[in-house]
Amino acid sequence: MSSRQQRGAALDPELLLRAYSIGIFPMAESRDAEDVFWVEPRERAILPLEGFHLSRSLAKTLKQERFAHSVDRAFDAVIDACAEPAPDRADTWINRQIREAYTFLHRIGHAHSVECWEGDALVGGLYGVRIGGAFFGESMFSRRTDASKTALAHLVARLRVGGFRLLDCQFMTGHLASLGAVEIKREAYLQLLGGATGVSDADFGALDALPDDLPTTIVRGPVSGKRIAQLLTQTS
């Protein structure tokens, strides 16, 4: 992994998008750090959109409608939750500069969140950056079993329907591997990246416009878990 440090100054949104388009992204040493550094992994984790592993237990969770799902309803709350310490991590890499920069990208349509709700409680979610037909997953969180997994399932279904080509996961984890993520070399990643960012007709909102051809018992409005499970088990 190679990196270069940037001290103090706010992250320029145009610079941030250019960095993503050539395979580089920022991180901070800790939540309270004043600086960020730019990272270019030698091996990159991606989740092939047709290779998402929908386990029986995850499919059951989706079909039971255990969580309600939304998109871009609570971006600020999602990024704040991702920045909080968790049982498996004492600190995070999301500092003030990163939070401000991605919040701005969200306002101009280049960053999105997926939320999982249990009643009125936000119990899981993820956020990331979008350029063309590429989506760069940044972070996820979970306050209930399988909440982050269902958020990722929703994202994959959304990207498939919208004609996206690449879901970047940055670094491999056991959690991501269990869902179908793989590692590829930097050179292979850059080839995929170039093709994906050049896609002009990818539509992040296409899933919301699908005709509802499922039974009328399916939840209307927010995309239902049953619809997500159905889309993920369809073959292209």
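Visitor: How many salt bridges does the count come to in this structure?

Guide: The model is predicted. A salt bridge here needs a side-chain nitrogen of Lys or Arg within 4 Å of a carboxyl oxygen of Asp or Glu. By that rule, the count is nine.

Visitor: Take Glu50 and Arg160. What is the N to O distance?

Guide: It is 3.9 Å, and the contact is between their side chains. The cut-off is 4 Å, so the pair counts.

Visitor: Which parts of the chain does this pair tie together?

Guide: Look up where each residue sits. Glu50 is in the loop between strand E4 (43–46) and helix H2 (56–63). Arg160 is in helix H5 (residues 147–161). The pair therefore ties together parts that are 110 residues apart in sequence.

Visitor: Is Arg160 buried or exposed?

Guide: Read the relative accessible area against the cut-off. Buried means under 20%. Arg160 has 17%, so it is buried.

Visitor: Helix H5 also holds Arg158. Which residue forms a salt bridge with Arg158?

Guide: Asp208 does, with the closest N and O atoms 2.9 Å apart. Asp208 lies in the loop between helix H7 (186–197) and helix H8 (225–233).

Visitor: How do Asp208 and Arg158 count, buried or exposed?

Guide: One of each. Asp208 counts as exposed, at 52% relative accessibility. Arg158 counts as buried, at 1%.

Visitor: What about Asp80 and Arg99: where do they sit?

Guide: Start with the distance. Their side chains meet in a salt bridge at 2.5 Å, N to O. Asp80 is in helix H3 (residues 75–83), and Arg99 is in helix H4. They are 19 residues apart. Asp80 is partly exposed, with a relative accessible area of 30%. Arg99 is partly exposed too, at 27%.

Visitor: Helix H4 again. At what angle do the axes of H1 and H4 cross?

Guide: Roughly 85°. The axes of H1 (residues 13–21) and H4 (residues 96–107) come within 10 Å. Angles of 65 to 115 degrees count as roughly perpendicular. That makes H1 roughly perpendicular to H4.

Visitor: Which residues make the contact?

Guide: List them by helix. H1 supplies Pro13, Leu16, Leu17 and Tyr20. H4 supplies Ala101, Tyr102, Phe104 and Leu105.

Visitor: How many of these are nonpolar, polar or charged?

Guide: Sort them by class. The contact of H1 with H4 has eight nonpolar residues, no polar ones and no charged ones.

How values were computed:
Residues are numbered from 1 along each chain as its sequence is written. This is a predicted model: local features need pLDDT of at least 70, side-chain atom pairs count only at pLDDT 80 or more; totals for chains, interfaces and linings use all residues. Side-chain values use heavy atoms; hydrogens and water are left out. Axes are lines fitted to C-alpha atoms, for helices over the stretch in contact, and angles run from 0 to 180 degrees between N-to-C directions. Helices (H or I, at least four residues) and strands (E, at least two) are DSSP runs, numbered from the N terminus. Angles under 35 degrees count as roughly parallel, over 145 as roughly antiparallel, 65 to 115 as roughly perpendicular and the rest as oblique. Contact means heavy atoms within 4.5 Å. Ala, Val, Leu, Ile, Met, Phe, Trp, Tyr, Cys and Pro count as nonpolar, Asp, Glu, Lys and Arg as charged, and the others, Gly among them, as polar. Buried means under 20% relative accessible area, exposed over 50%, partly exposed in between (1.4 Å probe, protein chains only).
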